[in-house]
Each structure stands twice: as C-alpha cells, then as structure tokens.
Amino acid sequence: MNNKYFTHKWVNAILLIAVLQYLHLLYTDISTMDKVLRCVDCPFRLVSLFSYFDLLTIPVILFLFFRHLRWGWILLFGSKLFTIIPSLIYYFHDYLPLPYTNLFPSFLLGILMNVVVLVLLWKPEVTEVFNLNKRIKLITVLVTALLLLLVSLPRIMS
C-alpha cells in the first residue's frame, strides 16, 4: 500500500477526533448558554461568556488543519496541549466526586482524547504533511507551555 494513504489516514483520524470533540463542546455550550445569558447577577457571567470564544476559533483551526496548512497543525497542537493542563489542575485541585458513586468523570475522557490527538499530531508521518521540522515543533511546545504557565500560575499558587 501507498505510504501517502497511511499518512492521510492519520491526518483524517486526527481531524475526525477533533471534529467530534468540537460537536460535543458545541452541544454542551449551547445547552448551557441560556442559563448563562439569563443570569444577570452571576459573578461568573463574563468568564462564561468569554469561554464561548472557542466555539468561533476551533472551526477556523480545523479548517486550517483540513487544508494541511502549517498553522493548522500549530494551532491544533497548541489548543489540545493548552486544554490538558488546566483540566488536570481542576481534577487534582477542585474536583470533588459525589459521595457513594463510582462515576467516571467525563472530562477525564476529554483529557485522554486530547493526549491521543497530541501523540498522533507528533508522528513524523503527520508532521511531514504540514512541512514541520523539529524546531517548529519545539517552539510550538515551548510557547504553549509558557502561555499555560502564565495562565495557570495564579491558580496553582492559590
């Protein structure tokens, strides 16, 4: 079989996972949007409204990735890495399971899916499609880690 077939198979698998995650996010955000918009005195309202920003940016990132553009890979990798660390901080710092339940926290599945996407994105066969070298990959990781540190540091310190 053709090596190009397997390369595009990985790229398509990444795209499929990312689209399914986006559709889940879209459903979740739209179903809660009414509550957020109706709450006038809620202190979390501005933060919650800002959190809908990703509903606009993710389709752009997915389109760039679909077109096999370098920025599509960079932004998708950065966005997946950027969501893992805050989710883990939440799990270890704020998450309180309901007593007497053995329910698996659903956001842990999201973390696992993001890790799978990151591993697939890092594959040489995939980075070849986007014409990425080790330097660009390293810069992407470092910039994302720096942004994460800047955003997460106040939460970690509290």
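Is Trp122 buried, exposed or partly exposed? In the predicted model described here, Trp122 has a relative accessibility of 37% and therefore counts as partly exposed. The surroundings of this residue are taken up again below, after an account of the overall fold.

The secondary structure of the chain consists of 7 helices and 0 strands, and the order of the elements from the N terminus is α-α-α-α-α-α-α. Of the 158 residues in the chain, 29% are buried. The accessible surface amounts to about 11,200 Å², and carbon and sulfur atoms contribute 72% of that area. Among contacts in the chain with a separation of 6 or more, 73% are between residues 24 or more positions apart.

The buried residues of helix 3 are Leu55, Ile61, Leu62, Leu64 and Phe65. For Phe65 the relative accessible area is 0%, which is under the 20% limit and therefore buried.

In soluble globular proteins, nonpolar side chains tend to be buried together. The largest nonpolar core of the model contains 28 residues. Within this core, the residues that touch the most other members are Ile14, Phe65, Trp73, Leu76, Leu121, Val126 and Phe130. Two or more residues of the core are given by each of helix 1 (3-38), helix 3, helix 4, helix 5 (106-122) and helix 7. Leu121 illustrates how such a residue is surrounded. Apart from neighbours within four places in sequence, Leu121 is in contact with Ile14, Phe65, Trp73, Leu76, Phe77, Val126 and Thr127.

Aromatic residues were examined next. A pair of aromatic rings is described by the distance of the centres and the angle of the planes. The structure holds 4 aromatic pairs. In one of them, the ring centres of Phe65 and Phe130 are 4.8 Å apart and the planes meet at 25°, so this pair is stacked. Phe65 belongs to helix 3, whereas Phe130 lies in the loop between helix 6 and helix 7; the pair therefore ties together parts that are 65 residues apart in sequence. Phe130, with a relative accessible area of 2%, is buried.

A further pair joins Trp73 and Trp122, whose ring centres are 6.3 Å apart and whose planes are at 40°, so the pair is tilted. Trp73 is located in helix 4 and Trp122 in helix 5, and the pair therefore ties together parts that are 49 residues apart in sequence. Trp73 has a relative accessible area of 0% and is buried, whereas Trp122 is partly exposed at 37%. Trp73, Phe77 and Trp122 form one aromatic cluster.

Polar side chains also take buried positions in the model. Thr140, located in helix 7 (residues 134-157), counts as buried because its relative accessibility is 7%. A polar atom of the Thr140 side chain lies 2.8 Å from the backbone oxygen of Ile136. When neighbours within four places in sequence are left aside, Thr140 is in contact with Trp73, Ile74, Phe77 and Gly78. Gln21, in helix 1, has a relative accessibility of 19%; the limit for a buried residue is under 20%, so Gln21 counts as buried. The side chain of Gln21 makes a polar contact of 3.0 Å with the side chain of Asn114. Apart from its neighbours within four places in sequence, Gln21 is in contact with Lys80, Gly110, Met113, Asn114 and Val117.

Most residues other than glycine have a negative phi. His68, although not a glycine, has a positive phi of about 60°. This residue comes just after helix 3, in the loop between helix 3 and helix 4 (70-93). His68 is partly exposed, with a relative accessible area of 26%. Asn131 is likewise a residue other than glycine with a positive phi, here near 55°. Asn131 is found in the loop between helix 6 (124-129) and helix 7. With a relative accessible area of 57%, Asn131 is exposed.

Note on methods: Residues numbered from 1 in each chain as written. Predicted model: local features only at pLDDT ≥ 70, side-chain atom pairs only at ≥ 80, totals over all residues. Heavy atoms only, no water. Helix = DSSP H or I, 4+ residues; strand = E, 2+ residues; numbered from the N terminus. Buried < 20%, exposed > 50% of the residue type's maximum accessible area, 1.4 Å probe, protein only. Polar contact = N/O pair within 3.5 Å; in protein donor to acceptor, adjacent residues only side chain to side chain. Contact = heavy atoms within 4.5 Å. Areas by Shrake-Rupley, 256 points an atom, 1.4 Å probe, with all protein chains shown as cover. Core = buried A, V, L, I, M, F, W, Y, C linked by side-chain atoms within 4.5 Å. Phe/Tyr/Trp six-rings, centres within 6.5 Å; stacked < 30°, edge-to-face > 60°.
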